[in-house]
Amino acid sequence: MGIASRPAVWLWLAAGVIALAVALRSPVVADLSGFLPDAPLPSQKILIEQLRDGPAARMVLLSIEGGDEAARAQASRALATRLRGDPQFVQVANGEPESSAADRKHVFENRYLLSDGVTPEAFSAAGLRESIRASIEGVASGTGMLSASLLASDPTGETLRLIDGLAAGAGRPRMVDGTWASGDGKRAILLLRLAAGTVDTVGQQRALQTLQSGFVQVQAALSQGGALQLRATGPAVFTVESRERIQHEVTWLGVVSTTLVVLLMLALYRSLRTLALGTLPVLTGVIAGWAAVSASFGMTHALTLGFGVAMIGEAADYAIYLFMQADGGKDRGWRQRWWPTIRLGLATSVAGFATLVASSFPGLAQLGLFTITGLVAAALTTRFVLPQLLPADFRLPGLESLGRPLLKAAHAARRLRGAVFVLLLAALAVIAARHDQLWSTEASVLSPVPMAAQQFDAKLRADLGAPDVRYIVAVLAPDRERALQGAERVGQQLQRLVDAGVIGHFENPARLLPSVATQRARQAALPAPGELQERLGKALQGLPLQPARLDGFVQAVEKARTQAPLPADALQGTALAMAVDGLLVQRPGNEGWLALLPIGALPSQLSEGAVDAPQVRAALAAAGTDTLLLDMKVEIDTMYGAYLQEAVYLSLAGAAAVLLLLAASLRSMRRLVRVVAPLAAAVLCVIGLLVALGVQMTLLHLVGLLLTVAIGSNYALLFDRGERDTTDPQDIERLHVAVTFASLTTLASFGVLAFSSVPVLSMIGSTVAPGVVLSLLFAAALAPSGVHAE
Amino acid sequence: LGDQVKAILLAALIACAISPLAASERFSTMELMLLLAHRGPVEATFTERRFVPVLDRPVESAGRLRFVPPARLEKHVERPRPESMVVDGDLLMLQQGNRKRSVPLTALPEAALLIDSLRATLAGDLDALQRGWTLSLTGDRARWTLSLEPSAASLAQLVSSVRIEGRENDLYSIEVQQTDGVRSVMQVRSLPPRTDR
């Protein structure tokens with residue numbers, strides 16, 4: 001019989017090709033934002049926009065280490081000079097004053113449009129007299145708050161007021177040779193902002209490469225360059241690095257796990273042909289799962305593929321079960337005795353994972369869909385295609401040498417029943433003792449950024465006096481002008497909180513770029529030249545300043561009074577532009593404009609970074625504009641908590657579905673208990689083990705438990721079936737060899753996953769690997785004594 | 001912070017350092033340093049006249065200066081309006097009305113250099129002082145003048161010269177010429193040592 005006459009094989013081949021085409025059609029996404037959910041609440045939606053593309057997401061902190069202080073400062077200056085000429089970097093700050101020369105010029109030249117000190121009262125004769133007298137006194141007292149050189153051009157002190165406002169809250173790093181250094185002086189520090197947002201990962205990656213190659217050239221040009229090292233940190237670096245790490249991990253996990261499974265199968269089959277046949281269901285499963293995810297989501301996350309790699313171990317089992325029974329051409333025995341059991345095992349897996357597909361967390365939904373489709377495809381291939389491809393004289397090498405010891409071991413395992421109960425009790429005790437802190441409610445546990453990298457980032461931020469932004473007031477408005485007007489009203493309220501010592505400081509895009517309405521109001525407050533000179537004449541009586549000295553002032557006021565309001569691009573070419581760009585953003589999808597006012601805590605609140613949120617909310621309500629106070633940490637954790645809760649419900653529903661299916665199929669309470677007991681014990685012991693090791697359970701551990709149930713149920717079902725249907729001792733041996741190898745392949749692939757440095761993968765791996773081993777041991781130990789009687 | 005801070009600091013610190021100068025036949029800068037090395041807290045009143053190019057007449061301020069070895073220096077302006085500037089260890093604290101600011105000296109390298117050289121002076125470390133300044137002492141015991149010219153580039157950006165005039169052991173004038181044209185002349189009168197110390 002040729003292959004051509006077997007329709008199932010042809011159908012399978014065609015489906016495989018189509019699935020592969022579908023799978024490859026949509027992209028594989030590796031940045032974590034693709035794994036994060038779309039948020040239902042407006043605040044969460046803004047938050048996710050911020051996470052993905054906000055100003056914070058573009059920040060890069062650089063540290064230059066090694067060499068001596070002078071060499072580091074020199075390298076800092078050389079690198080900054082290089083990068084300032086590159087449009088990939090919108091801001092390059094290292095403490096050098098040149099970096100803000102354009103900023104100071106902008107502030108000085110536009111002082112009468114920018115300063116909130118410009119009011120009709122302030123420019124009355126009395127108001128002018130008061131502010132000029134104060135400026136002269138400032139020069140006299142001379143603690144340096146007012147420079148004497150500004151007295152003639154800016155006698156009312158607007159520049160000082162503006163610079164004070166801008167400098168408020170900005171940290172002052174230590175300086176070495178005119179460049180920023182860490183608190184201990186051992187590192188030079190630079191702060192960059194990239195032009196590319198996180199959505200443009202390729203652009204960010206290119207900018208970081210430019211940075212590295214620029215540093216190599218700086219090193220080459222310096223005599224001591226070789227001793228220096230550059231380290232970069234910040235959200236943009238994390239995004240690019242975790243993307244690279246995920247890609248790298250998924251590749252090596254695939255290679256290692258495939259190699260292990262292949263070696264195990266070779267050890268069992270001792271035939272390359274059998275091995276090749278055995279991998280067909282696996283390949284089919286992976287391609288089908290990938291195609292299903294690709295078609296439903298429009299993209300596949302690399303983590304889903306990485307997880308799919310672990311599926312290799314599970315799908316390899318089906319072929320093992322088949323080969324065991326096909327040995328010597330006995331495939332009728334397979335269909336009658338083994339297939340129904342595998343079908344039931346498959347059904348329980350599908351029932352368990354079907355609930356995940358309903359999850360609103362895209363990553364989980366992808367995992368669920370991938371698993372279901374992959375397992376079904378692998379099982380169907382094993383059932384309908386593989387038997388047709390088996391040669392008539394198919395034989396496995398003698399299994400007696402493996403089967404006998406395994407059978408003995410299984411026999412011995414039943415003496416360990418007592419130990420199972422002891423383990424179970426211990427696990428329950430551990431769980432009971434820590435029941436209130438079983439679950440981690442912090443979303444950061446899912447972050448792929450290693451702890452050491454997070455700590456380094458925090459250290460540099462502390463050196464720079466730039467703590468992580470936790471609170472942001474978002475002003476929502478239909479257009480740019482109204483967003484700025486809203487920000488101005490909110491700013492007045494927040495300033496009151498600063499004065500009252502409730503918050504440390506805040507940033508405001510309207511401070512650098514006031515709304516047109518406010519600029520016009522300030523222009524209206526400025527008197528015409530003749531009027532101003534008359535008022536100055538009165539104001540300066542008795543003061544040591546002649547009105548004639550203030551011609552520059554009169555001209556500057558007249559220019560401000562008659563000029564067009566500053567346009568949106570007024571800040572171009574200054575470092576201030578980035579601050580406004582980041583804080584005043586047009587939302588995607590025609591949703592209007594957003595002004596963002598990040599709030600900094602008081603120094604006394606810095607350890608926790610928490611401000612008095614109710615007071616801030618009250619102040620916002622008083623501003624009478626459409627605002628939201630985003631607490632980044634609370635919002636993210638709340639969002640994560642909601643998904644965790646949803647996942648708990650879904651998992652419980654999945655477990656219930658598995659239970660119902662088993663009950664309906666086994667039709668015997670006694671058998672149901674026998675199948676479920678080892679599973680339940682294994683799940684509880686895995687939880688106990690994790691908790692005892694100090695691990696807090698997350699969403700992904702939950703998924704791992706669900707997978708343990710799905711895989712473990714197969715073992716228990718096989719033992720159950722073996723007891724009922726088989727009296728042939730050779731069959732019983734084969735059963736033990738098959739189940740043992742099936743669990744070994746699963747252990748290998750998930751065990752490899754457990755060593756991943758990507759938390760999402762290692763969490764699943766470290767749950768499933770022990771779960772599978774325990775499921776098998778418990779299934780053997782709790783099997784009824786009749787089975788193995790010889 | 002403005003450039004003036006540094007000039008003022010300089011003046012204040014020198015005033016503290018030098019006022020109870022002991023009289024001697026002829027002193028070198030070395031002898032001056034040695035005299036300064038063994039003193040307790042110093043307190044003085046001052047009157048300062050500041051000549052600013054755009055103003056018709058000099059503006060005046062007055063207040064107190066204080067030095068507590070080894071590292072605390074204070075300038076308290078009492079009129080025309082209260083302001084104070086205190087350096088303690090590595091922290092510079094400014095107060096104007098109810099506005100307070102604290103700045104670590106590490107963030108102000110020029111001021112730090114200045115303060116460090118004056119602390120060195122107070123400890124009698126001539127070498128340290130000479131790292132930033134060129135010193136010359138003229139006149140005799142009855143009427144002497146100590147002139148300082150900045151040799152460090154960062155100081156030279158702010159200050160053209162400093163002249164301190166004294167008579168016997170009493171210092172009476174510190175004159176600072178800034179590079180921006182502002183000149184200040186400070187009259188200092190040291191107070192008798194406190195009895196509670």
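Nonpolar surface patches were built from residues with over 30% relative accessible area and no salt bridge, nonpolar side chains (Val, Leu, Ile, Met, Phe, Trp, Tyr) being joined within 5 Å. The structure is a predicted model, in which local features need pLDDT of at least 70 and side-chain atom pairs count only at pLDDT 80 or more, while totals for chains, interfaces and linings use all residues. Residues are numbered from 1 along each chain as its sequence is written, chains are lettered from A and ligands numbered from 1 in the order in which they are written, and side-chain values use heavy atoms, with hydrogens and water left out.

One patch of this kind, with an area of about 210 Å², is formed by Val255(A), Val256(A) and Leu260(A). Val255(A) belongs to helix 9 (residues 235–269) of chain A, helices (H or I, at least four residues) and strands (E, at least two) being DSSP runs numbered from the N terminus. The relative accessible area of Val255(A) is 51%, so this residue is classed as exposed; the classes are buried (under 20% relative accessible area), exposed (over 50%) and partly exposed (in between), with a 1.4 Å probe and protein chains only.

Chain A contains 28 helices and 13 strands. Of its 790 residues, 55% are buried. Its accessible surface is about 32,000 Å², with 61% supplied by carbon and sulfur atoms. Among the contacts in chain A (heavy atoms within 4.5 Å) with a separation of 6 or more, 82% are between residues 24 or more positions apart. Chain B has 5 helices and 11 strands, and 51% of its 197 residues are buried. The accessible surface of chain B is about 8,900 Å², and carbon and sulfur atoms account for 49% of that area. For chain B, residues 24 or more positions apart make up 44% of the contacts with a separation of 6 or more.

A nonpolar core is a set of buried Ala, Val, Leu, Ile, Met, Phe, Trp, Tyr and Cys residues joined through side-chain atoms within 4.5 Å. The largest core comprises 95 residues, and those with the most contacts inside it are Tyr321(A), Phe323(A), Leu364(A), Leu699(A), Phe750(A) and Ile764(A). Helix 11 (residues 302–326) of chain A makes the greatest contribution to this core, with 15 residues. Another core, lying apart from it, has 38 residues, including Leu162(A), Leu494(A), Leu566(A) and Trp593(A).

Helix 24 (residues 632–666) of chain A has 35 residues and, at 1.5 Å a residue, should span 51 Å, in agreement with the 50 Å between its end C-alpha atoms; the expected span is 1.5 Å times one less than the number of residues. Elsewhere in chain A, Leu602(A) is located in the loop between strand 12 (593–600) and helix 23 (613–623). Apart from neighbours within four places in sequence, Leu602(A) contacts Gly501(A), Val502(A), Ile503(A) and Gly504(A).

Over all chains, 21 salt bridges were found, each a side-chain nitrogen of Lys or Arg within 4 Å of a carboxyl oxygen of Asp or Glu. One of them pairs Glu137(A) with Arg81(B) (3.9 Å, N to O). Glu137(A) lies in helix 6 (residues 125–141) of chain A and Arg81(B) in the loop between strand 3 (72–79) and strand 4 (83–88) of chain B, so this pair joins two chains. Both Glu137(A) and Arg81(B) are buried. Within chain A, Arg535(A) and Glu531(A) form a salt bridge (2.8 Å, N to O). These two residues are 4 residues apart in helix 20 (residues 529–539), about one turn of the helix. Arg535(A) is partly exposed at 21% relative accessibility, and Glu531(A) is partly exposed at 34%.

In chain B, Arg66(B) and Glu43(B) are joined by a salt bridge (3.9 Å, N to O). Arg66(B) is in strand 2 and Glu43(B) in strand 1 (residues 42–51), so the pair ties together parts 23 residues apart in sequence. Arg66(B) and Glu43(B) are both buried. A network of salt bridges links Glu43(B), Arg64(B), Arg66(B), Arg72(B), Glu74(B), Glu78(B) and Asp88(B). Strand 2 (residues 59–68) also contains Ser61(B), which is buried at 0% relative accessibility. Beyond residues up to four places away in sequence, Ser61(B) touches Ala140(A), Ser141(A), Phe46(B), Thr47(B), Glu48(B), Val77(B), Arg79(B) and Pro80(B).

Key:
Patches are made of residues with over 30% relative accessible area and no salt bridge: like charges are joined within 9 Å, nonpolar side chains (Val, Leu, Ile, Met, Phe, Trp, Tyr) within 5 Å. Accessible areas come from the Shrake-Rupley method with a 1.4 Å probe; for residues, only the protein chains shown count as cover.
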